[in-house]
Amino acid sequence: MTRSLVVAEIIDGALSPLTAEAVSAAAGLGDEVVVAVAGSDAAALADQVALAGVTEIVTVTVPGNDRDHDQMMQVVEALVAEVAPQVVLAPFTIRSTAWAAAVAERLDLAYTPDVVALGASGEGLSAERSIYDGRVRAQYSFPSDRPVLALVRAGAWTPAEPGGAPATRALDVAPTPSRVRLGEVRRPAGGVDLTTSDVILAVGRGVGGEENIAAFADIAERMGAALAASRPVVDAGWLPAVHQVGQTGVTVKPKVYIALGISGALHHLAGMQTSKTIVAVNTNADAPIFGYADVGAVADIHEVAEQLKALL
Ligand SMILES: Cc1cc2nc3c(=O)[nH]c(=O)nc-3n(C[C@H](O)[C@H](O)[C@H](O)COP(=O)(O)OP(=O)(O)OC[C@H]3O[C@@H](n4cnc5c(N)ncnc54)[C@H](O)[C@@H]3O)c2cc1C
């Protein structure tokens, strides 16, 4: 039996949907899944982590900002001491990476970020992650002599559904005053949240130039899709960085991902290849994206855009 502790991710006082994916990963390992919610109003969020497979919810009320990784380190350390899990899981995000490696080092836990598959056996935990910019799938085996802290990649697990009636209790943790001084840079209004979009229309270098972006933004809007981009489009300044999908952008798993004029480089695939259905349009029949697409068309995206406009 494996006891897992899932550390919920709280963003601006709200539960991140990625938490449900980490719960799903934990539920696949064993039948004891404790979810910890830490924040200034943790008790109010407890109901939201009553998800299928969760056996217990622990709330930790801590004052202050949910981006304070100094405080978060102390909270997770207290939780590990209290719950004594074999596995600690959290979403792999910019927030968790700020505390996870330090906690692993301080508690002598085995550690791996960016995990896409997990398995448990009597011998210990096995994990899979992609390394070398996505070129290699590495498999790790962790002997059962010490707990493992693993950060799970967004989109790699189907989110756990609401369900069950886990017991909830509060844990008192009094972190020492933080050494962190936080500033805040707000994303400009009108920013897009690609992680929650069911349909994404993404443009790559094949879009040709900034002057062509508006036509695809218009099609995306008419389709009810979010507009995304590959890195060259962002690097050229044709779209802001919040639109970038890929290894150094956002990881997405929409129902439909439409890749227009995108070659399918590993760095881009790393952020979208687990999408349910991938549609690709490219003039080059040998473009790697076609190896991942469910539906593909060897065509000019501007001609496809004209036809789509007529249809929508
Ligand atoms: C450390 C690192 C991190 C990176 N992170 C990311 C990342 O997060 N996201 C990301 O996207 N990239 C990332 N990259 C860059 C990545 O390696 C690729 O260079 C990039 O994804 C290529 O983008 P693209 O497919 O738009 O462009 P290209 O590879 O240039 O492909 C353009 C495609 O458009 C097609 N095309 C051209 N004109 C048309 C047309 N009229 N109609 C149809 N098709 C057309 C071409 O045949 C071609 O296949 C990263 C690179 C590094 C080194």
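Colleague: How do α3 and α4 lie to each other: roughly parallel, roughly perpendicular or oblique?
Modeller: Keep in mind that this is a predicted model. Helix α3 (residues 69-83) and helix α4 (residues 96-107) pack with their axes 9 Å apart, at an angle of about 45°. Angles under 35 degrees count as roughly parallel and those of 65 to 115 as roughly perpendicular. The two helices, α3 and α4, are therefore oblique.

Colleague: Which residues in α4 meet α3, and how do the residues of the contact divide?
Modeller: From α3 come H69, M72, M73, V76, E77 and V80, and they meet A98, W99, A102, V103, R106 and L107 in α4. The residues of this contact of α3 with α4 divide into 9 nonpolar, 1 polar and 2 charged.

Colleague: Now the open sheet of 5 strands: which are its edge strands?
Modeller: The pairing is parallel, and the order is β13-β12-β14-β15-β16. An edge strand pairs on one side only, and that picks out β13 (226-229) and β16 (295-298).

Colleague: What is the bridge partner of A202 in β13?
Modeller: Strand β12 (residues 199-203) pairs with β13 in the parallel sense over 4 bridges. Within β13, A202 has as its bridge partner A228.

Colleague: And which residues come nearest to the ligand?
Modeller: Elements giving two or more residues to the shell around the ligand are α6 (231-235), α7 (266-269), β15 (277-282) and α8 (301-311). The shell's residues divide into 6 nonpolar, 17 polar and 4 charged. Of the 27 residues around the ligand, the nearest are G204, G206, R231, G246 and S263.

Key
Residues are numbered from 1 along each chain as its sequence is written. This is a predicted model: local features need pLDDT of at least 70, side-chain atom pairs count only at pLDDT 80 or more; totals for chains, interfaces and linings use all residues. A residue is near a molecule or strand if its C-beta atom, placed from the backbone, lies within 6 Å of it. Ala, Val, Leu, Ile, Met, Phe, Trp, Tyr, Cys and Pro count as nonpolar, Asp, Glu, Lys and Arg as charged, and the others, Gly among them, as polar. Axes are lines fitted to C-alpha atoms, for helices over the stretch in contact, and angles run from 0 to 180 degrees between N-to-C directions. Angles under 35 degrees count as roughly parallel, over 145 as roughly antiparallel, 65 to 115 as roughly perpendicular and the rest as oblique. Two residues are in contact if their C-beta atoms, placed from the backbone, lie within 7 Å. Two strands pair if DSSP finds at least two bridges between them.
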